[in-house]
Amino acid sequence: MVVEVRTPDGHPVAGAVVEHFHVDPASNRDPGGGRSWIADAGGRVCEEQLLDPGYLWVSAPDEVGGWCAGFEQLRHRGWQPGSGRPPAMAVTLHLRRLWRSRIVGRIIDAAGHPVAGARVLAEDVFPKGTECSTQGSAASTDSGGKFRLPPTPHGRATLDVSAPDFAERRIDVEIPSSPRVIPLDSGAEWTGRVIDPEGMPIERCTIQVRTRDRIQVAAACSPAGFVLHHIPPGELELHVRIYGPHPTLGSTRVLLATVHLAPDELRNEDIVWPAGAVISGTAVTEDGAPVPGAEVLAISADVDRASAGDEAGATAASDGRFTFQHLGPGDWKLVGDRRNVSEQGSLTVSAGATGVRLVVPASKGTLSRPDRRP
């Protein structure tokens, strides 16, 4: 089936983006089956999936401002076999003129030398006079460190600058603006090990540091430790996640902390997992009988920590007893699943609680994934 995108005066919109969904994307449901295509020079898209009924989102070409410059959403009836030849569907796209200018500049190193091959991406472009944002375009620097981005809508944008052997950098710019000289530095480096509360190295984990403007640097643990290269300096959020079974921390744990690294700092320091509180108890049925092998999950009741994955898992012993060690302060939600059942038992307790009785309902069904919401 063919979709033709034209302006109100009948001119084809080459480069228009046509998206097809089986379910209304504006609803809270998963739209499912979403695909997108770029209109040809005649403003046309011809695809078999367009024979299916659903919903169409049509937006202006990215180079003129994307959906900020023009957007239409409409119900699509599709085509039923036996109802004749599939007709061409006309979509009228009302375009809004957005004034555009090129973003130009130069990337240099700390000594003032040009950085060739750096990638400059204009992202989070907010066109002036609109309440929307769109993605910009990217360019690479030449041998003199100069870059020249395609015309970008006037307003505000964030430039993401990256190059091998340098720390990534993000800066906010106004469009139009005069040429910019953007210096890059090598960034900080951090080597060390992740040490558990008993003083033993953790060999199965990932380490990530993230800046306030969402630049991330990550590495994996190993028997030799970890190395984080080219870290932007300043205040950083540290995120350590265990992804393998650990004798006292369990199979899933997250450590969150705030660290500060100076420019060009070479830090050799271990990350020590803090000792914490214990929560212990017994998984039982409604009549008080122990539940051997019950799967119990402890989830932080702090919404921010829970969303970051701060949780621990344990399997009840033959007498139904379970123990969590080195938990952070505050409240924790315990969620229990009996094997081969569909219902869950839950209970919120404070760190340090012992003698907890977690009732795990008995019912027929299949094992379900515990509700992670605190």
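This is a predicted model: local features need pLDDT of at least 70, side-chain atom pairs count only at pLDDT 80 or more; totals for chains, interfaces and linings use all residues.
Visitor: What is a disulfide, and how many disulfides does the count come to?

Guide: A disulfide is a covalent bond between the sulfur atoms of two cysteines. The criterion here is a pair of cysteine sulfur atoms within 2.5 Å, and the count by this rule is two disulfides.

Visitor: Which cysteine is joined to cysteine 68?

Guide: Cysteine 68 is joined to cysteine 132, with S to S 2.0 Å. Cysteine 68 lies in the loop between β5 (54-59) and β6 (71-76), and cysteine 132 in the loop between β10 (119-127) and β11 (138-140), so the pair ties together parts that are 64 residues apart in sequence. Strands are DSSP runs (E, at least two residues), numbered from the N terminus.

Visitor: Where do cysteine 205 and cysteine 221 lie?

Guide: These two form a disulfide with sulfur atoms 1.6 Å apart. Cysteine 205 belongs to strand β19 (residues 205-210) and cysteine 221 to the loop between β20 (216-220) and β21 (226-231), so the pair ties together parts 16 residues apart in sequence.

Visitor: Is cysteine 205 buried or exposed?

Guide: Buried means under 20% relative accessible area, exposed over 50%, and partly exposed in between (1.4 Å probe, protein chains only). Cysteine 205 and cysteine 221 are buried, whereas cysteine 46 is exposed at 56%.

Definitions and conventions
Residues are numbered from 1 along each chain as its sequence is written. Side-chain values use heavy atoms; hydrogens and water are left out. Helices (H or I, at least four residues) and strands (E, at least two) are DSSP runs, numbered from the N terminus.
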